[in-house]
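Here are my notes on the model you sent over.

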Amino acid sequence: MRIWVDADACPSAIKDILYRAAERAQVALTLVANKALATPRSAFIRTIQVEKGFDVADNRIAREVAPGDLVVTADIPLAAAVIANGAQALNPRGELYSHENIRERLAMRNFMEELRSAGVDTGGPAPLDSADRQAFANQLDRLITARGRSPGAR
């Protein structure tokens, strides 16, 4: 399992959780962003800086993700692509996207986008709070622990 992070919009608190988890579990963590990132020095953490542009980081992750990998993203279309590639997708609030719920999330995203393009102020997501951070950390821990029990885990 490799953990990929759609890092441009990933909250710092979530990155910190990921850094600690990568070290503790000795799992490869790759952050993909269109700007330089400061990360802790670690044999398990690397960054990939891509050129600026719409969905450039997302496209890089979608191309490189492998079955069994985990992608941390709030981007619903990227999560759908990841799931289609046999990997898992987890949002920064701890929700694990799946074949069962991704279609509904895409439909809601598209609906909200239509409302915004029609001039409706839909607001934005609530700020990340401690319950969100805890939900993310718990789900991440479950996924990493499951990796250790699965045959052929890397």
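1. Let me start with Asn 91, which sits in the loop between strand S5 (88-90) and strand S6 (96-97). Bear in mind that this is a predicted model. Is Asn 91 buried or exposed? Its relative accessible area is 9%, and the cut-off for buried is under 20%, so Asn 91 counts as buried.

2. What does the side chain of Asn 91 have close by? One of its polar atoms lies 2.8 Å from the backbone nitrogen of Arg 93. Looking past the neighbours within four places in sequence, Asn 91 is in contact with Thr 73, Ala 74, Tyr 97 and Phe 136.

3. Apart from residues up to four places away in sequence, Phe 136 touches Asn 91, Pro 92, Arg 93 and Gly 94, along with Leu 90, Val 72, Ile 14, Ile 17 and Leu 18.

4. Phe 136 also belongs to the largest nonpolar core, which has 25 residues. Which members touch the most others? They are Ile 3, Val 5, Leu 18, Leu 29, Leu 31, Phe 136 and Leu 140. Two or more residues of this core come from each of S1, H1, S2, S4 and helix H5 (130-149). H1 gives the most, with seven residues. A second, separate core has 17 residues, including Val 32, Ala 57, Leu 78 and Ile 102. As background, nonpolar side chains tend to be buried together in soluble globular proteins.

5. Why can we call S1 largely enclosed by the rest of the structure? Because four of its five residues are buried. S1 runs parallel to strand S2 (residues 28-33), and five bridges join the two. Within that pairing, Arg 2 stands opposite Ala 28, and Ile 3 stands opposite Leu 29. Getting from S1 to S2, the chain passes through helix H1 (residues 12-25), and this β-α-β crossover is right-handed.

6. S1 also has a parallel partner in strand S4 (residues 70-72), joined by three bridges. Here Val 5 stands opposite Val 72 in S4.

7. S2 is mostly covered too, with five of its six residues buried.

8. Next, helix H2 (residues 56-64). Which of its residues are buried? Ala 57, Asp 58 and Ile 61 are. These three cover an arc of only 100° around the axis, so they are on the same side of H2. The buried residues of H2 pack against S1, S2, S4 and helix H3 (76-84).

9. Last, Arg 24, which has its place in helix H1. Its relative accessibility is 54%, and the cut-off for exposed is over 50%, so Arg 24 counts as exposed. Arg 24 and Phe 44 are 20 residues apart along the chain, and their C-alpha atoms are separated by 9.9 Å.

Conventions:
Residues are numbered from 1 along each chain as its sequence is written. This is a predicted model: local features need pLDDT of at least 70, side-chain atom pairs count only at pLDDT 80 or more; totals for chains, interfaces and linings use all residues. Side-chain values use heavy atoms; hydrogens and water are left out. Buried means under 20% relative accessible area, exposed over 50%, partly exposed in between (1.4 Å probe, protein chains only). Two strands pair if DSSP finds at least two bridges between them. A crossover is right-handed if, with the strands pointing away from the viewer, the path from the first strand over the helix to the second runs clockwise. The arc is that of the directions from the helix axis to the C-beta atoms. Contact means heavy atoms within 4.5 Å. A polar contact is a pair of N or O atoms within 3.5 Å; within protein, one must be able to donate a hydrogen and the other to accept it, and residues adjacent in sequence count only if both atoms are side-chain atoms. A nonpolar core is a set of buried Ala, Val, Leu, Ile, Met, Phe, Trp, Tyr and Cys residues joined through side-chain atoms within 4.5 Å.
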